[in-house]
Amino acid sequence: MVPSDTDVTQIVHAIQLSVAPVFLLTGIAALLGVMATRLARVIDRARHLEGAWKLLDAREREDARAELHVLSERARLSSWSINACAMAALLVCLVIATLFIDAYAGTRLRGSVAALFILSMAALIGGVMCFLREVYLATHSLRIGPPPGPTGPSERP
């Protein structure tokens, strides 16, 4: 069966409508890459601290315990941000599929497209909010400089 000019026009229109969501998917994929990298760094740091645990003295263990607590919270927030952004990407894929089904089958799924898009934006907002909270925790728990206390005779006044 050869598609009519009307069918081709509707499919071309559906492709045009799906271009913006595809770009959105690209942006979400970039965010997911950044979030996954941050989660990997948190996990690496936690493993390092846990591996060095036996070599630490009492004060260093207290510092490590506090840092592990922050790292645990950061990992939880990173995981939530990844999950929410992955859900947003899935919903955007459903938007694109629904647009094509609507164009090809001639159904009236515009309300579904709008609802899916709104849900995807809500998931993306939630993911970015969790990501921002994780970045906040990372920067506010950051300690730059030598550890407190004397470290050797050359640093004493």
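Accessible areas here come from the Shrake-Rupley method with a 1.4 Å probe, and for residues only the protein chains shown count as cover. On that basis the protein exposes about 10,700 Å², with carbon and sulfur atoms supplying 67% of it. Keep in mind that this is a predicted model: local features need pLDDT of at least 70 and side-chain atom pairs count only at pLDDT 80 or more, while totals for chains, interfaces and linings use all residues. Residues are numbered from 1 along each chain as its sequence is written, and side-chain values use heavy atoms, with hydrogens and water left out.

**Overall layout**

The protein has three helices and zero strands, where helices (H or I, at least four residues) and strands (E, at least two) are DSSP runs numbered from the N terminus. Reading along the sequence gives the pattern α-α-α. Helix H1 covers 5–51 and helix H2 covers 58–105, while helix H3 takes in residues 110–140.

A contact means heavy atoms within 4.5 Å. Of the contacts with a separation of 6 or more, 75% are between residues 24 or more positions apart.

For burial, the cut-offs are under 20% relative accessible area for buried, over 50% for exposed, and partly exposed in between (1.4 Å probe, protein chains only). Buried residues make up 27% of the 157 residues in the protein. Leu90, which lies in helix H2, counts as partly exposed at 46% relative accessibility.

**Salt bridges**

Side chains of opposite charge can pair when their charged atoms come close. The cut-off used for a salt bridge is a side-chain nitrogen of Lys or Arg within 4 Å of a carboxyl oxygen of Asp or Glu. The structure holds six of these salt bridges, including the ones below.

| Glu134 | Arg38 | 2.7 Å |

Start with Glu134 and Arg38, which form a salt bridge. Glu134 sits in helix H3 and Arg38 in helix H1, so this pair ties together parts that are 96 residues apart in sequence. Glu134 is buried, with a relative accessible area of 0%, whereas Arg38 is partly exposed at 24%.

With Glu67 in helix H2 and Arg45 in helix H1, the pair ties together parts that are 22 residues apart in sequence. Both partners are partly exposed: Glu67 has a relative accessible area of 29% and Arg45 has 33%.

Glu73 is partly exposed at 29% relative accessible area, and Arg76 is partly exposed at 41%.

Salt bridges that share partners also join Arg38, Arg74 and Glu134 into one network. Within this group, the side chain of Glu134 makes a polar contact of 2.7 Å with that of Arg38 and another of 2.7 Å with that of Arg74. (A polar contact is a pair of N or O atoms within 3.5 Å; within protein, one must be able to donate a hydrogen and the other to accept it, and residues adjacent in sequence count only if both atoms are side-chain atoms.) Leaving aside its neighbours within four places in sequence, Glu134 is in contact with Arg38, Val42, Arg74, Leu77 and Ser78.

**A nonpolar patch**

Ile11, Ile15, Val19, Phe23, Phe100 and Tyr104 form a nonpolar patch on the surface, with about 620 Å² of accessible area together. Patches are made of residues with over 30% relative accessible area and no salt bridge, joining like charges within 9 Å and nonpolar side chains (Val, Leu, Ile, Met, Phe, Trp, Tyr) within 5 Å. Helices H1 and H2 each supply at least two of the residues, and H1 gives the most, with four. Tyr104, from helix H2, is exposed, with a relative accessible area of 69%.

**Cysteines**

A search of the whole structure finds zero disulfides, taking a disulfide as a pair of cysteine sulfur atoms within 2.5 Å. For Cys85, the nearest cysteine sulfur is that of Cys130, 8.7 Å away. Cys85 is buried, with a relative accessible area of 0%, while Cys93 is partly exposed at 40%.
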